[in-house]
Amino acid sequence: MPYVVAAYAVVALGLALYAWRLRVRLRQARELRALWEDDDVA
Amino acid sequence: MRWLGWVTVAALGAGLYLGLAWAPPDAFQGVVQRIMYVHVPSAWVAFLAFAVVAAASGLYLGTRQARYDRVAHASAEVGVVFTALAILGGMLWGKPVWGTWWQWEPRLTTTAILLAIYGGYLLLRALVEDRDRAARSAAVVGIVGFLDVPLNYFSVVWWRTLHQPPSVLRPGGASMDPSMLIALLVNAAAFTLLYLVLVRWRAELARLEAPAWAAPVEGPAAEAGS
């Protein structure tokens, strides 16, 4: 049983961390792009 | 596309229930066999991801449209994540069943090579400063590297060593209980949906992170018109 718990935890944590990191980078990239476009318009 | 995220969450929840509670334990391996429901879908998605890398890379080399390069890049990164998880899940399955975390037998070795190839692909993209040159070089690696996928898949058929042969895609049909097969297929579908969500996010990130001056360039037609 410990091996099953460890395997599911590794997969779940790995995917959750990757997805969370992607969401953070996406939000930052959108904010940066919006700032750049505002500068360009100005 | 918010619905895709919710469908994915529901599918992952259903897969978790089917794999951990609904499907019966294996007659020989006991509960440890339940690792199959995350290990096999991870490996399947890795294969799918690298097939998409090869196809998108071919399209990029043929058309030079940046969107194909972004899809290839995104799929390679997501594929590396799933390959690493397939290896880790496999090690946690191997220890109680085989008595060892790792052995340099054909399936495990070709999987490690797959991780090295696409890890190198991502490194190449990060290190080459000229974006066009990086995209072209990575596309070649993405296509040539895919040769390891069929080698990896058939390694358990051509060289019978430690890893078991295919249990689903084999002559004569699947060699497992129907309830186990259902749990496996639901998990494979859920992981595939998650792959689509992650690739979509990663490709969007690549689009946003591209230099603003490069954004309008979308292939030879656009260049010819400018």
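How many salt bridges are there between chain B and chain A? The count is 1, where a salt bridge is a side-chain nitrogen of Lys or Arg within 4 Å of a carboxyl oxygen of Asp or Glu. Before going on, a note on the model: it is predicted, local features need pLDDT of at least 70, side-chain atom pairs count only at pLDDT 80 or more, and totals for chains, interfaces and linings use all residues. Residues are numbered from 1 along each chain as its sequence is written, chains are lettered from A and ligands numbered from 1 in the order in which they are written, and side-chain values use heavy atoms, with hydrogens and water left out.

The partners are B:Glu209 and A:Arg25, at 3.4 Å from N to O. Over all chains, the whole structure has 6 salt bridges. B:Glu209 sits in helix α7 of chain B and A:Arg25 in helix α1 (residues 2–41) of chain A, so this pair joins two chains. Helices here are DSSP runs of H or I with at least four residues, strands are runs of E with at least two, and both are numbered from the N terminus.

Now chain B itself. Chain B has 8 helices and 0 strands. Its C-alpha trace spans about 65 × 40 × 30 Å along the principal axes.

Next, the interface. Contact, meaning heavy atoms within 4.5 Å, involves 33 residues of chain B and 20 residues of chain A. The two chains bury about 2,500 Å² between them, 79% of it on carbon and sulfur atoms; buried area is the accessible area (1.4 Å probe) lost on putting the two parts together, summed over both.

Last, the largest pocket. About 960 Å³ of space lies in it. A pocket is an open set of points on a 1 Å grid over the protein atoms alone, where a 1.4 Å probe fits, with protein on both sides within 12 Å along at least five of seven lines; lining residues have an atom within 4 Å of a point. Grid points are joined across faces, edges and corners, and the volume is the space filled by probe spheres set on them. Of the 38 lining residues, the closest to the centre are B:His39, B:Val40, B:Ala43, B:Arg107 and B:His163. Which helix gives the most to the lining? That is α3(B), with 9 residues. By class, the lining has 27 nonpolar, 10 polar and 1 charged, with Ala, Val, Leu, Ile, Met, Phe, Trp, Tyr, Cys and Pro as nonpolar, Asp, Glu, Lys and Arg as charged, and the others, Gly among them, as polar.
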